[in-house]
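Q: I have a structure open here and want to go through it. Can you take my questions as they come?
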Amino acid sequence: MCKAVPVLEAILLVGGQGTRLRPLTIETPKPMLPVAGRPCTEHQIARLRDAGVTRVILGTSYRADVFADYFGDGSAFGVELVCVTEAVPLGTGGAIRNVLSELKSGPDDPVLILNGDVLSGHDMAAQVAHHRAHDADVTLHLINVDDPRPFGLVPTDEHGRVVAFLEKPERAEDIVTHQINAGCYVFARRVIDAIPAGQVVSVERDTFPALLAAQASVLAWIDDAYWLDLGNPLAFAKGSRDLVTGMAPSAAVPGPTGPALILDDAVVAASATVDAGSCIGVGARVDADAVVSGSVVMDGAHIAAGARIIDSIIGRHASVGAGSTAIETVIADRARIGADNEFGPGTRVFPDAVVGDIAIRQSSDR
């Protein structure tokens, strides 16, 4: 008799509101913002599917309907998909526990868990195999970063076991490792069972330290593959261009990798320049002599003649007037920008805003 192949399940934590990405997230949940023409969540599902995951549970909260409407039952994306919504935010651990009733895994089976705002090229299948081979309770993906000060630190011993979870270092002498939590975990399902139900729980501050205190097996999976937290507009634009150019791997990119991605029904004038990993959305228009470099121009947007869009994000059906310049700028959905404006780094224009000719709106909040 052939032994049945076990179902590998994954939990995607997509409930955050993405306040650092406002105004883009006023109407759209952060994980559903398009990077390289597809929602971040779609890229993650593609990576999970390629790692052998057959069933995905989305832990939703903010604008949960958007996920259900887009993904349906997941069949179009090669997985079985279920959405579970938090009535109130429960933290990372609480969100994981909230989907327990939908898991089909046995107590000792591995469950992959991903933060919903991360692009990663690491080998998730190898991480799961490492977890299984050592019968671990939890196996965390860790990466080394040049400057770990914005992150909590995760030191390990010579056997690859996690020994502590440390807060963000305030001084250089507090940096005991450059390893940080990369937001992808493999949990034995029994660990999820033990998280208190209906309570606000942080895996970083509550679950993981408690496991160490109980001498559970908490292992590290460390590699140097591509990794990016899409937490702010500059990172969001970078993530899109890295997918377009092929630096970040994803089977969900809707076209060949290269210097630019021009989606269906977009019109780019022959004298316009679109490069450095820019993505021009469905039905968008880039007029004569305009320059779009390293930027995301979403569906239906219009970049008028001679405008310059550099490392910026232009929302759905927004328009940028002739001769205007936007550098490291966010212009949200349906905003209308007149001619000859100059937007510098940190500018954020909100949905439906109307900015006349030669008007400057800047913010230091990036």
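A: Start with the sheet: six strands form an open sheet, ordered β12-β15-β18-β21-β24-β27, with parallel pairing. This is a predicted model.

Q: Which are the edge strands?
A: β12 (260–262) and β27 (348–349) are the edge strands, and each pairs on one side only.

Q: How many bridges between β12 and β15?
A: Three bridges, in the parallel sense, with β15 covering residues 278–280. In one of the bridges, leucine 261 has cysteine 279 of β15 as its partner.

Q: Back up a bit. What is the mean pLDDT of the chain?
A: The mean is 91, and 96% of the residues reach 70 or more.

Q: Where does pLDDT stay under 50?
A: Over residues 1–5. The model has zero contacts beyond four places in sequence for that stretch.

Q: New topic, helix α7. What should its 13 residues span, and how far apart are the end C-alpha atoms?
A: At 1.5 Å a residue, α7 (residues 233–245) should span 18 Å. The end C-alpha atoms are 18 Å apart, which agrees with that expectation.

Q: What caps its N-terminal end?
A: Asparagine 232 does: one of its side-chain oxygens lies 3.1 Å from the backbone nitrogen of leucine 234.

Q: And what comes just after α7?
A: Glycine 246, which takes a positive phi of about 90 degrees.

Q: Which residues of α7 are buried?
A: Pro233, Ala235, Phe236, Ala237, Gly239, Ser240, Asp242, Leu243 and Val244.

Q: Switching to rings. How many aromatic pairs does the structure hold?
A: Eight. One of them is tyrosine 70 with phenylalanine 71, whose ring centres are 4.8 Å apart. Their planes stand at 70 degrees, over the 60-degree cut-off, so the pair is edge-to-face.

Q: Are those two residues buried or exposed?
A: Tyrosine 70 counts as partly exposed because its relative accessibility is 35%, between the 20% and 50% limits. Phenylalanine 71 is buried, with a relative accessible area of 3%.

Q: What about tyrosine 185 and phenylalanine 187?
A: That aromatic pair is tilted, at 6.1 Å centre to centre with 50 degrees between the planes. Tyrosine 185 is buried, and phenylalanine 187 is buried as well.

Q: Which residues do ring pairs link into a cluster?
A: Phe165, Tyr185, Phe187 and Phe208.

Terms used. Residues numbered from 1 in each chain as written. Predicted model: local features only at pLDDT ≥ 70, side-chain atom pairs only at ≥ 80, totals over all residues. Heavy atoms only, no water. pLDDT = per-residue confidence, 0-100. Contact = heavy atoms within 4.5 Å. Helix = DSSP H or I, 4+ residues; strand = E, 2+ residues; numbered from the N terminus. Expected span 1.5 Å × (residues − 1). Buried < 20%, exposed > 50% of the residue type's maximum accessible area, 1.4 Å probe, protein only. Polar contact = N/O pair within 3.5 Å; in protein donor to acceptor, adjacent residues only side chain to side chain. Pairing = 2+ DSSP bridges. Phe/Tyr/Trp six-rings, centres within 6.5 Å; stacked < 30°, edge-to-face > 60°.
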